[in-house]
Amino acid sequence: MTDTAPLTRPQLRRLLRTARRALTPAEQHQASQGLYRQLAQHPLFRRARHIALYLPNDGEIDPRPLLREAQRRGKHVYLPVLHAWPRTRMAFQRFERGESLRRNRFRIPEPVVNRRRQRPTWALDLILLPLVGFDEHGGRLGMGGGFYDRSLAYQQRRTTWKKPRLLGLAHECQKVERLTQASWDVPLAGTVSDREWYLVPA
């Protein structure tokens, strides 16, 4: 997909969500395996000890093979959880193998909220984010709730140390030529699709 100039962000979001939801179960499985092959042996993934991922929803590319691989290697894995109050707050909580999940208000599975098992965002090594659309310049179009942008806003105030590294995960069909970024959008270090890496030069 390339010609996005006439579309507003909500229009583009609807278009790209439709495209990823249109993928068949076989295509989704193939994409998930492709993503695993792209990331599992990469130094960014191998060196990270504290990794946040997500559970797929609404046609998002599935990172669960990476989650299981991280746990197999003894890494600490975290999933996003939404707080009841304030309702705009999201945190990253340690997720153990076999732990039960519940659905949050958006019907997305998450661990039962336990603040003692949450880790500050700045203390994570790597966050693998879901997205609706992306470009080659670190631009990310999310679902519009702003949860990740609020959680990572502190990075825009830092000039040197910027943990964690932020990588978007996506189907190749979610790539666009250029995304117009708002002032509050937190840029990514890059995006990994089932086919390619799109790292932004440091």
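Q: In which element is confidence lowest, and in which is it highest?

A: This is a predicted model, and the predictor attaches a confidence to each residue. Here the lowest confidence falls in α5, with a mean of 79, and the highest in strand β1 (residues 50–52), at 98. Over the protein the pLDDT averages 89, and 91% of the residues score at least 70.

Q: How many residues does helix α2 have, and what does it reach from its first C-alpha to its last?

A: Helix α2 covers residues 25–39, which makes 15 residues. Its reach from first C-alpha to last is 21 Å, close to the 21 Å expected at 1.5 Å a residue.

Q: Which residues of α2 are buried, and which are exposed?

A: The general idea comes from the geometry of the helix. An α-helix has 3.6 residues a turn, so residues three or four places apart point the same way. In α2, the buried residues are Gln28, Ala31, Ser32, Gly34, Leu35 and Leu39. Viewed down the axis of α2, these buried residues fall within an arc of 165°, so they line one face of the helix. Exposed on the other side of α2 are Ala26, His29, Gln30 and Arg37.

Q: How much space lies in the largest pocket, and which residues lie nearest its centre?

A: Rolling a probe the size of a water molecule over the atoms shows where empty space is left. In this model the largest pocket holds about 700 Å³ of space. Its lining is made of 37 residues, and Pro130, Arg140, Met143, Phe147 and Tyr148 lie nearest the centre. Two or more lining residues come from each of α1 (9–21), β2 (76–82), β5 (109–111), β7 (126–130), β9 (140–141) and α5 (147–151).

Q: How do the residues of that lining divide into nonpolar, polar and charged?

A: The lining of the largest pocket has 21 nonpolar residues, seven polar and nine charged.

Q: Where is Leu131 found, and is Leu131 buried or exposed?

A: Leu131 belongs to the loop between β7 and β8 (133–134). Burial is judged by relative accessible area, with under 20% counting as buried. Leu131 has 3%, so it is buried. From C-alpha to C-alpha, Leu131 and Gly144 are 10.0 Å apart in space, and they are 13 residues apart in sequence.

Q: What does Pro109 count as, at 24% relative accessibility?

A: Pro109, found in strand β5, counts as partly exposed at that value of 24%. Pro109 and Val81 are 28 residues apart in sequence, with 9.0 Å between their C-alpha atoms.

Definitions and conventions:
Residues are numbered from 1 along each chain as its sequence is written. This is a predicted model: local features need pLDDT of at least 70, side-chain atom pairs count only at pLDDT 80 or more; totals for chains, interfaces and linings use all residues. Side-chain values use heavy atoms; hydrogens and water are left out. Helices (H or I, at least four residues) and strands (E, at least two) are DSSP runs, numbered from the N terminus. The expected span of a helix is 1.5 Å times one less than its number of residues. Buried means under 20% relative accessible area, exposed over 50%, partly exposed in between (1.4 Å probe, protein chains only). The arc is that of the directions from the helix axis to the C-beta atoms. On a 1 Å grid over the protein atoms alone, a cavity is a set of points where a 1.4 Å probe fits but cannot get out, and a pocket is an open set with protein on both sides within 12 Å along at least five of seven lines; lining residues have an atom within 4 Å of a point. Grid points are joined across faces, edges and corners, and a volume is the space filled by probe spheres set on the points. Ala, Val, Leu, Ile, Met, Phe, Trp, Tyr, Cys and Pro count as nonpolar, Asp, Glu, Lys and Arg as charged, and the others, Gly among them, as polar. pLDDT is the predictor's confidence in each residue, from 0 to 100.
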